[in-house]
Amino acid sequence: MQVTINDEPREIEPGTSVAALLAELGRDPRHVAVEVNHELVPRATHGERMLSEGDRLEVVTLVGGG
Amino acid sequence: MAIDLTTDARLQVGTHTLSSRLIVGTGKYASYALMAEALERSGTDCITVAVRRERLIDAAGNNLLDFVDTSRYTLLPNTAGCFTAEDAVRVARLGREILQGLENPGEDWVKLEVLSDTKTLLPDPVATLAATEKLVAEGFQVLCYTTDDPIIARRLKEAGATSVMPAGSPIGSGQGVLNPNNIRICLEYLKDGDPDYPVIVDAGVGTASDVTFAMELGVDGVLLNTGIAHAGDPLSMASAMKHAVEAGRLAYRAGRIPRRLYATASSPDDGRIAPLPR
């Protein structure tokens, strides 16, 4: 099934959780925050939050800024 | 009696006690390594950071977090680049989520920026107020980037802002404090009956004298980024800014002499060997 991550389409297996997706992307969950369809998914619930066809994700981190 | 430098150097903002009155941004340095050294020299223990999309293709890219000791610095996440209250609230929540993961004390506050115009980067005061109300209700300590307008400054404080941070001049413009009278009125309004309420000049300072001047007005701190990051020699400018904020604070506390139109001699009139001219 297809989801969108940071405006880029991506194919993932049905039944993928946010935690599983971050692992697939090779991201340390402590260094990112994830929104699904504009709603923050708290880190503690990454494992239970299953993704659905068409979900729009934001995966963000910290960068230099003023 | 001289001012105790070690205690007066501290800046209290909400529940956070900072050891320097200078807050430094982490953007626009030529490299993260240079940034880390500049932060060290600035003497700050509080740095602003931005929240941006992870670059998922470039897995080998440098991450800010590899260059910042998060046990040493209190991170102040910003909502830079947001043009609506809704987006700013989303970004504030995302920043809090990341800082919670890092177990950084900055997880409960945010530097709120809601901009209205890409050319001036001036804040949208109406949207800033709306976002402040929302974030305060969600338990954030909100540090509001705003214009130097005393009326909106007062409205932001009334809405529960932990600190109001008027711009000296537009972000990154290096024009210094363009309207010191407005900053003075902001200070008078915001500190009326609440002398410890923190007011921080955020944005626009270009060099050490701009920082000193701002501090001499009586603001509690200065937040800057470009003035160091884009200086010819960012490391030396970081040191200059450290001294500038201390010099300005001390001069403010010490109390300057009044300005006079005519001279007053520093050496005594008595005992001169030559007569005064008529």
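The legends below describe close-up views of a predicted model.

**View 1. Helix α9 of chain B and its surroundings.** Helix α9(B), which spans residues 234-254 and has 21 residues, reaches 30 Å from its first C-alpha to its last, close to the 30 Å expected at 1.5 Å a residue. Its buried residues are B:Pro234, B:Met237, B:Ala238, B:Ala240, B:Met241, B:Lys242, B:Ala244, B:Val245, B:Glu246, B:Gly248 and B:Arg249, and what covers them includes, within chain B, the helices α1 (5-8), α2 (32-42), α7 (208-216) and α8 (226-229) together with the strands β3 (22-25) and β10 (221-224). After α9(B) comes B:Gly255, with a positive phi near 90°.

**View 2. The largest nonpolar core and B:Leu112.** This core has 91 residues, of which B:Leu112, B:Val211, B:Val222 and B:Met241 touch the most other members, while helix α3 (residues 85-102) of chain B contributes the largest share, 8 residues. Residues up to four places away in sequence not being counted, B:Leu112 touches B:Thr79, B:Ala88, B:Ala92, B:Thr128, B:Ala131, B:Thr132, B:Leu135, B:Val142, B:Leu143, B:Cys144 and B:Tyr145.

**View 3. The open three-stranded sheet of chain B.** In this sheet, 3 strands are arranged in the order β6-β7-β8 with parallel pairing. Strands β6 (109-112) and β8 (163-166) of chain B stand at the edges and have a single partner strand each, so one side of each is left without a neighbour in the sheet. On average, neighbouring strands here are turned by 15° against each other, direction ignored. The parallel pairing of β6(B) with β7(B), residues 141-146, extends over 4 bridges, and B:Lys111 stands opposite B:Leu143 in β7(B). Helix α4 (residues 125-137) of chain B packs on the sheet, where it touches β6 and β7 of chain B, and its direction makes about 175° with that of β7(B).

**View 4. The contact between chains A and B.** Chain A gives 24 residues to the contact and chain B gives 29 residues. On the side of chain A that touches chain B, the elements giving two or more residues are β3 (33-36) and β5 (56-64) of chain A, with β5(A) providing the largest share, 7 residues. By class, this side of chain A has 11 nonpolar, 8 polar and 5 charged residues. Across the contact, β5(A) pairs with strand β4 (residues 46-53) of chain B in the antiparallel sense over 5 bridges, and A:Val60 stands opposite B:Arg53 in β4(B).

How values were computed: Residues numbered from 1 in each chain as written. Chains lettered and ligands numbered in written order. Predicted model: local features only at pLDDT ≥ 70, side-chain atom pairs only at ≥ 80, totals over all residues. Expected span 1.5 Å × (residues − 1). Buried ≥ 20, exposed ≤ 12 C-beta atoms within 10 Å, placed from the backbone. Contact = placed C-beta atoms within 7 Å. Nonpolar A, V, L, I, M, F, W, Y, C, P; charged D, E, K, R; others polar. Pairing = 2+ DSSP bridges. Core = buried A, V, L, I, M, F, W, Y, C linked by C-beta atoms within 7 Å. Axes fitted to C-alpha atoms, helices over the stretch in contact; angles between N-to-C directions.
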